[in-house]
Amino acid sequence: TVDVYNPKVVQATMGSIARVNVHTLNIEEWINAQQNIPVLAAALDGKDIRLAGKPAEAIIIIGNEAKGISPAVMQLASEKITITGRGHAESLNAAVATGIILSHLT
């Protein structure tokens with residue numbers, strides 16, 4: 001992911017960065033510490049999000065546009081999900097993909 005204090009990130013927050021508590025952690029350790037919560041990973045070879053159901057709670061992993069989800073983190077997923085598309089686009093912007101996934105899971 002991009003650095004939280006990257007100039008483009010700071011500018012995009014329009015000053016809100018000053019009101020946000022930023023925490024850094026090891027994502028693999030954090031996911032492993034969560035118990036009985038499904039871990040859904042966005043992947044091109046996943047289950048169609050329209051068929052995934054609506055879990056009461058879940059951890060949703062979204063990779064960045066360039067590199068996706070690391071293999072180590074992908075192994076922690078209990079299920080891979082995907083947004084079935086039309087046309088020949090390979091992927092969506094991470095924020096757009098997250099919005100679409102959240103709209104189907106709620």
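A residue is taken as buried when its relative accessible area is under 20%. In this predicted model, T82 has a relative accessibility of 13% and therefore counts as buried. The residue belongs to strand β3. Leaving aside residues up to four places away in sequence, T82 is in contact with A43, L44, G46, K47, D48 and I49.

Strand β3 is one of three strands that make up an open sheet, arranged in the order β2-β1-β3 with parallel pairing. The edges are taken by β2 (59–61) and β3 (79–82); each has a single partner strand, so one side of each lacks a neighbour in the sheet. On average, and with direction ignored, neighbouring strands of this sheet are turned by 50 degrees against each other.

Between β1, which spans residues 39–48, and β2, the parallel pairing runs over three bridges. Here A41 lies opposite I61 of β2. The sheet also receives a helix: α4 (residues 94–105) packs on it and touches β1, β2 and β3. The direction of α4 makes about 150 degrees with that of β2.

T82, by contrast, is buried at 13%.

Definitions and conventions:
Residues numbered from 1 in each chain as written. Predicted model: local features only at pLDDT ≥ 70, side-chain atom pairs only at ≥ 80, totals over all residues. Heavy atoms only, no water. Pairing = 2+ DSSP bridges. Helix = DSSP H or I, 4+ residues; strand = E, 2+ residues; numbered from the N terminus. Axes fitted to C-alpha atoms, helices over the stretch in contact; angles between N-to-C directions. Contact = heavy atoms within 4.5 Å. Buried < 20%, exposed > 50% of the residue type's maximum accessible area, 1.4 Å probe, protein only.
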